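Work through the two exercises below with the sequence and the coordinates open side by side.

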Amino acid sequence: MSQDSWKRRTLTSLKPAPSVSSGTYSTYEPLIDQPDPYESKTPRVLTRALRSLSNSSIDSINASSPRRSGSMRRLQKTQSGSSSMIERFHRRVSRDIPSTMSLPDMDSPAAPLDQPFSSMDLVHWGHLKTDASILKPRSEYLVLTDQCLVKFGSAEAARSVFPQLSQPDGQPRRTTSQVASSAKSAVGEIRFEIPLRSVVAVFNEEGASPRFGIEIWWFSQLPRLAYRRAHLFFSLPKERDDWLASIYRTCRAKLRRAPVSSAVPENLRIRIDHIVANNESQFSNETPQTLIFPVAKRVVGTSHKPNAAEEAQHTADGSSFYFVVGPCMCYLVEVLKAEYGTPAGDLRVKYSHFGTVTLTRFRASVASCEQRFVMSFRSPFGRETRLDLASIHYRRVIEAMTRVDRILKPMWPQHFQQIVFDIKGLPPPLQLTSGNDLGGVERSLEAYCAAFHVDMPRWTVDWHASSQPAFRLLPLEDAQYSPLQLMAVFRALRYNSFFKAISFRDVDLSPLAGRKDYSPFGEGVVCASLNGCEISEDHCDDLLQSPVLTQEFHALAFASESIRSIDLANCLGLVNKRPSQMRMSTDISHLRRTSSEILRSILMLARAGLCMCHSINMSGNPLSPADIDDLANILVLDHVSFRKLELSGCSLGDADLSKLWAGIPGQAHSLQTIDTSGNHGIVKCDLLRRGLDQLRDIRKLNISGNTRLDTGNPLVDEATINGWTLTELDLSGIALNDATVDVLASYLQTAKSQHLRLIRLNKCGLTSRQIAKLFRTMGQSRRMTVHINANPLDEGIDDLCGALACGYGPWSLFIQMVEFAHESSYIKLWKALTVNKTIECLSLAGSSTPDEASSTACQAVADFFVNNDTVRFLDISGYDAKLDEGRLGKEFSKALRGMRCNSKIEHLRVRSQMLNINVGDLAEAISGNKKLHTLDCEDNDFNLSNYRHLIKHLGDNSTIRYFSIFSPQELERSVRRSVTTLGSATPTRRASIVSRFRYHDKLLNGNEKALAQQLQHEWDAAAAELELILERNRRLYEEARTPDDDIGSQSSGPGSAPGEDEGTFSESFGGLAYREYESRRKSPSTPSTPRRNRSVAGSSASATDLQSLTVRLRLDGKLMRSGSVISSEASTSPTSACASGSVSPAVHTPSDGLSPKERMVPPIPEAPVDYSNDDGYYTCTEDPHGESGLQIKTTRGQIYDAVSRIEEEDDTVCAT
């Protein structure tokens, strides 16, 4: 359609009425249009123009058209004086429409009618209530047709426009002259004309005074982008209801016959899409899909009826409103007066946005003709926001909101949706959603984060926990989650029956401590579970007054009835604080109150028999005596069955620990895991022994430091322990007597002990003779990891060396933090390990001689490197602290020369051994060795020269794929030290003592600044060269890799799964070894094919590649280190994950004292991850937080993989 034709069609006054065969009387089509709102203040101009137009048209008809009975007269425009006014109308429309404007479709709501009144079917007509406020009141008249709604100033004017309303049969018919005469007066009597396709909403008027009216909103006519509205008042409520029903039904019928192509112009849709994308793009990678509905914003409680002036102002153009349903949020958009041709960026728009999941009430009715609906939104800790809207599309709004609510909360019960959506006359919907992996938790979490205006938290799914799948919220580095982020996680998990375990390990929940949320509808409290089970009224009333932590953990444990395990280890952030902060700022009483808010809800459900959760881990959180009393009383109840209780490091005293162990026998037939280690309380040996003697199904027992044994009796009776099927045993910190050692030795010979995979006997006062007894009862090459750290091994060292030399003992042995009183004992141990043929994973970190190692001791270590052909994982790191150290001395580096001939060790860790003094020994070992895969030599005080020297010799090695020289903190210190030394080498004046420690505040000027920048670039270039060499080695390994090298294809011992030993050693050893294992496990071998990557000439890195990589690093403007330079920046995650997309900050490389499972950090696909802790040196493994809880295994499951039905966990023993 051309612009000219479109302009003509926008003026209905120029459309002649078509000839219609009547046979009885002639009809008249008025040549008028709606009043121009911009000219409403000067109506006389328009009236005069229309009057002249009408007069000239009528005169032309009378003058030129002969009368013929039985035919209808057609009005035609003649060349009269009034044509100038029409031409002015044309020019005005042309001026108002930009030349570049994209013309909307003529079936849009704002398009004018192209059908004459005479051809319309009348639906309803009648008088309006007389306005008594004017001087000469007249009863206005309203006519509803199948196309429009027209309001007249009088009934006579309506009959003039609509001949169908003429005198009834039997009365004389009006002549053509009478029709023409009455048309003159009808021109100015039309108050407004509303095309039905332009109607936005029609509803009962909601004023405060008693009156009977309806309010109607409609689109302004093209080209204006605006709304108009009017009030219609009637004498009786029945008249109002009849009119409302008639308008509603006629509008629906009109939309069914001729659906509107689009109620939203293109420029506004572009602007709305931009608004939605800005608010929700961070929560979804896809383009947001929106639903846009024109709505009327209702004003409730108007105190007076609008007068004539106010009514005229209402019918003028005003702001338009749109309700938008986005992927996660809803928007109420107000568009100030504009035009269809206004560019999207120039539209004046105001909007409010609300989280869809924060919808607390949606009230509407489909049983009546009401188009009104009320929505209430409320975020936690906020006020309620109410939207009073109306729309002719209100049924579609209801459908859209119920559907998106179900999509965002797919696991919430149907009856809860019916509570939120109070829709009268609507049967309960059955909204079924598809494609909701993980119970829709990802979609729900995105919606809640968008609603609360917070970033997405980091989380993962563990598919190999004892109760799987398990949802795990991952902690942030050096930061806390905000209260609303935590609330988003809790609400997203509510009613989710997909997960069977929840983990908040190491996530600080204290931001929610003590906070209450008084919601008007009580939506914070779950009173009925997914299966319809309800709590008592007293229980519900108590929860209504409880803090949000109590309410949310009650919802997690009760709502879905699927949660079997909750891991809350260190959920108050206490372990992450520095010792100085703990002494100065930690309020134990406050932490105990917070722990009570968490634990109290679970204990209340357990007491009522409504808790399906049977495993609780509260390790690292101080517990109050009241909670311990409550827990002890619950443990003796017959209907309560706990499988796992982990209360390590909970600040339990003697009385608390004794009460707990007094109640544990009540769970003798169900308890499988008990961990009460790390508490300062001591339990009497008799009480602890009675509790242990009654346990029947225990599998993991950790009572480190809980008691003191007497001299004669064992810790546990032999008959009792022989009935256990233990997988892990930790008796660290308890001085074991001979009777207990004899009982353990006897148990190790039974068939039940074959499932034992980990035993910790750290600081137990065991001599080498006692340990040798245990090793001999184990047999040769027992598939077990044994920790005997910090025991006095000088006594009976010959017995221990004899057992090791014969191959007795475990295949993974940790002898850390042992300070030998005699160097001869240390040498004997190394000689026994040299000839041992069963140990594959060995750690002597922190073990040393009384003084610096002699040449004899160093030679013993060198002989081990040359002659031992069994050990594949070796840690011979030193220990360095402020008040103590355990290093072998300056001459130890000579022992590393033996590594040049070693063909078995694949993973070597040598930290804190002063290797910087004779760095050439380590460099020669690197260049000569052809077997090492990973090498960790952090904390050896290397400088830039040492750094370059090691990298140079690493270029001769083609097998080392992971090499860590510096930890993050150490690298920062080294760079700072080198620049500081440079700045102090040529001082311009004497510096004060304080200024020497202000590196960051000291400004280097002139040549010093340039030299410092050059030195910084040299560090960057060295890091780039190291990364290039390691990347080359990884590529060479992948090209030469065969299917036999895969993890699952490697040979294992009898009775083990393929690759089980490799995973066991890597997890126990930790660090780079575990990272290398994960990279091989996640990337199965492929046939060797040429790769179009950087060329490698021999074993040297390409100089061009090095130069380009160095330049790329320098352009970044800050010190950049590759993942290979610092071992803490590990590779891909061991579990499937969904996170916000940011790479976690690197922290210190882990020591071997902690399992890599405990050090797992946020799994982000194809991004570096960290398996580290904060310890900078080796410590004894009796740390209560070192092995607490059921550890997360490290098999990755894709988040979008199809998941089959989850079976209930059985009671079979799972070998680890």
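The model is predicted, so local features need pLDDT of at least 70 and side-chain atom pairs count only at pLDDT 80 or more, while totals for chains, interfaces and linings use all residues. Residues are numbered from 1 along each chain as its sequence is written, and side-chain values use heavy atoms, with hydrogens and water left out.

**Exercise 1.** Determine which residues of helix 21 are buried, and what they pack against.

*Solution.* Helices (H or I, at least four residues) and strands (E, at least two) are DSSP runs, numbered from the N terminus. Buried means under 20% relative accessible area, exposed over 50%, and partly exposed in between, with a 1.4 Å probe and protein chains only. By this criterion T740, V741, V743, L744, A745, S746 and Y747 are buried in helix 21. Because seven of the 10 residues of helix 21 (738-747) are buried, the helix is largely enclosed by the rest of the structure. Its buried residues pack, by contact (heavy atoms within 4.5 Å), against helix 20 (718-721), strand 26 (728-730) and helix 22 (768-778).

**Exercise 2.** Trace the pairing of strand 29 with strand 28 and with strand 30.

*Solution.* Two strands pair if DSSP finds at least two bridges between them. Strand 28 (782-787) and strand 29 (810-814) are parallel over four bridges, and L813 of strand 29 is the bridge partner of V786. Strand 29 is also joined to strand 30 (841-843) by three bridges, again in parallel, with L842 of strand 30 as the bridge partner of L813. Five of the five residues of strand 29 are buried.
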